[in-house]
Amino acid sequence: MKSLLYKYRKFFLVLFVFSAVTISLFYSALKPSKTLPIYNPADVNPELVDSTMQYKSKYHTIADFAFVNQNGDTITQKDYEGKIYVADFFFTTCGSICPKMTANLADVQKAILNNPKVKLLSHTVFPETDSVPVLKAYAIKNGVIDSKWNLVTGDKKEIYTMARKSYLAVKLGRPDQLYDMVHTENFILVDQKRRVRGFYDGTKKEDIQKLIEDITFLSAE
């Protein structure tokens, strides 16, 4: 038996390698390739979407915008053209979920620091109090790198419109206050074509890890 194995050792070795390669290829063919959904307003919780947009089921993209960042510079869609970016909504005096969201977004900033394809964009939902100096102080406190992360303020109606018609990310606030909104814990992933590709709980580390993985996936496309 030993002599037989020795005689045909090359044959058995080739057979083993061939079998291993075949099984590997077969497994790869069966394993579904990673994809990310493209979200439209009709796919999202209606509480987060303006009533005029709730039934839109295709071709949704982020609208043009113009806001002012922590340095007093005007930031528009041109600054994010061709970029992957993560958007969120917050306010500087929020003491509940915002500190955790900001800390987690700072972790995302570390992960994308050397990736020129990716940026961050945080919108205040209280522009009446979050002025440029307030945003600047908040940025310094939280380690914001200006080239990667813009904290923006502006006209409340415009922020409201972007939040509910583009990013599909905030709930209605008090009905007696015009354009009042309640921000959520959502981080929104936007691709190079201005399409929404994911929503992530900005307070959960496991969601942050998935967000970073999905950013890497989009960057490689």
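Student: Before we start, what should I know about how the values were made?

Tutor: This is a predicted model, where local features need pLDDT of at least 70, side-chain atom pairs count only at pLDDT 80 or more, and totals for chains, interfaces and linings use all residues. Residues are numbered from 1 along each chain as its sequence is written, and side-chain values use heavy atoms, with hydrogens and water left out.

Student: Which element gives the most to the lining of the largest cavity?

Tutor: Lining residues have an atom within 4 Å of a point, and here they are Asp88, Phe90, Met101, Thr102, Leu105, Ser122, Tyr138, Trp149 and Leu151. Helices (H or I, at least four residues) and strands (E, at least two) are DSSP runs numbered from the N terminus. On that basis β3 (84-90), α3 (98-112) and β5 (149-152) each supply at least two lining residues. The top contributor, with three residues, is α3.

Student: How many residues of that lining are nonpolar, polar and charged?

Tutor: The sorting goes like this: Ala, Val, Leu, Ile, Met, Phe, Trp, Tyr, Cys and Pro count as nonpolar, Asp, Glu, Lys and Arg as charged, and the others, Gly among them, as polar. The lining of the largest cavity then splits into six nonpolar, two polar and one charged.

Student: Is Cys98 buried or exposed?

Tutor: Buried means under 20% relative accessible area, exposed over 50%, and partly exposed in between (1.4 Å probe, protein chains only). Among the buried residues of α3 are Cys98, Met101, Thr102 and Leu105. With a relative accessible area of 0%, Cys98 is buried.

Student: And how many disulfides does a search of the whole structure find?

Tutor: A disulfide is a pair of cysteine sulfur atoms within 2.5 Å. Cys94 is buried, with a relative accessible area of 7%. Still, the number of disulfides found across the whole structure is zero.

Student: Which exposed residues sit on the face of α4 turned away from its buried side?

Tutor: Start with the buried residues of α4, which are Leu135, Tyr138 and Ala139. Down the axis they fall within an arc of 100° (taken from the directions from the helix axis to the C-beta atoms), so they line one face of α4. The face turned away carries Pro133, Ile140 and Lys141.

Student: How far apart are the C-alpha atoms of Pro133 and Gln70?

Tutor: Pro133 is in helix α4 (residues 132-141) and counts as exposed at 58% relative accessibility. Pro133 and Gln70 are 63 residues apart along the chain, yet their C-alpha atoms are separated by 6.9 Å.

Student: What phi does Arg194 have?

Tutor: Most residues other than glycine have a negative phi. Leu168, in the loop between α5 (156-166) and β6 (170-172), has a positive phi of about 55° although it is not a glycine, and it is buried at 0% relative accessibility. Arg194 is in the loop between β8 (186-190) and β9 (196-201) and is partly exposed at 29%. Also not a glycine, Arg194 has a positive phi of about 70°.

Methods:
1 Å grid on protein atoms, 1.4 Å probe; cavity = no way out; pocket = protein on both sides within 12 Å on 5 of 7 lines; lining within 4 Å.
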